[in-house]
Amino acid sequence: EGKTMERFVIALSRIMAVIAAAAIVVLMSAIVVDVTGRYFTNSSVPAMLEISEGSLVVAIFFALPWAGVTGAHVAVTIVSSRVGPGWNRVFDLVVWVFCSLVVAWLTVASGTRAMSATRLNETRMGLVQWPVWPLRWIIAFGFAVLLLVCLVNLVRSLRGRAVLGAETSEESVSTETVFPPVPTERE
């Protein structure tokens with residue numbers, strides 16, 4: 001059952017990453033259309049700002065789970081690279097418990113806000129009237145799937161397995177580059 005959940009979380013995160021990438025293309029296209037419109041007409045094209053903002057929300061919050069699955073998030077290994085595997089397992093457990101708690105709180109808070117925004121039919125008044133409440137659900141859904149990634153990594157840590165993305169998140173700069181070894185003899 002654990003492997004099935006992992007496969008589901010990875011597949012869902014991958015689909016969301018593709019949607020996030022498409023949202024970036026929409027964002028870039030909206031910016032190009034708006035800049036071109038401003039150049040030729042000296043005014044903004046209606047709804048381009050709102051489309052850009054919405055695309056940005058999708059790109060950010062749908063990419064979060066994939067970053068967790070692939071290890072693309074920021075990782076600092078100053079301490080973990082200097083201690084043994086036992087301590088690293090403890091660090092993994094503490095980190096994923098903490099991350100799970102924080103992301104659970106963010107999921108509940110954003111879900112509550114999305115429900116309120118839906119009930120109020122929250123809209124943004126700009127050049128056009130634009131519904132904001134669907135974007136609030138995108139934020140809540142992104143956090144919910146990120147929570148699943150955190151829980152999968154927590155379970156993997158509890159079982160003594162490497163977290164998702166551990167094999168791809170090797171640091172690109174070795175600790176020797178940042179902290180050169182102290183010479184033992186005078187040169």
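Which residues form a nonpolar patch on the surface? Before I answer, please note that the model before us is predicted.

The patch is made up of V74, V76, I78, V79, V83, W87, V90 and V94. Together, these residues carry about 780 Å² of accessible area. Let me take one of them, V94. Its place is in helix α3, which covers residues 85-119. V94 counts as exposed because its relative accessibility is 53%, and the cut-off for that class is over 50%.

I turn now to a second residue of helix α3, namely T107. Is T107 buried or exposed? T107 counts as buried, because its relative accessibility is 15% and the limit for buried is under 20%. What does the side chain of T107 reach? The answer is the backbone oxygen of F143, at 3.2 Å. If neighbours within four places in sequence are left aside, T107 is in contact with A140, F143, A144 and L147.

Let me close with the chain as a whole. Its secondary structure comprises five helices and two strands, and from the N terminus the order of elements is α-α-α-β-β-α-α. The chain has 187 residues, of which 32% count as buried. Among contacts with a separation of 6 or more, 75% are between residues 24 or more positions apart. Finally, the accessible surface of the chain amounts to about 12100 Å², and carbon and sulfur atoms account for 70% of that surface.

Note on methods: Residues numbered from 1 in each chain as written. Predicted model: local features only at pLDDT ≥ 70, side-chain atom pairs only at ≥ 80, totals over all residues. Heavy atoms only, no water. Patch = residues over 30% accessible without salt bridge, like charges linked within 9 Å, V, L, I, M, F, W, Y side chains within 5 Å. Areas by Shrake-Rupley, 256 points an atom, 1.4 Å probe, with all protein chains shown as cover. Salt bridge = Lys/Arg side-chain N within 4 Å of Asp/Glu carboxyl O. Helix = DSSP H or I, 4+ residues; strand = E, 2+ residues; numbered from the N terminus. Buried < 20%, exposed > 50% of the residue type's maximum accessible area, 1.4 Å probe, protein only. Contact = heavy atoms within 4.5 Å. Polar contact = N/O pair within 3.5 Å; in protein donor to acceptor, adjacent residues only side chain to side chain.
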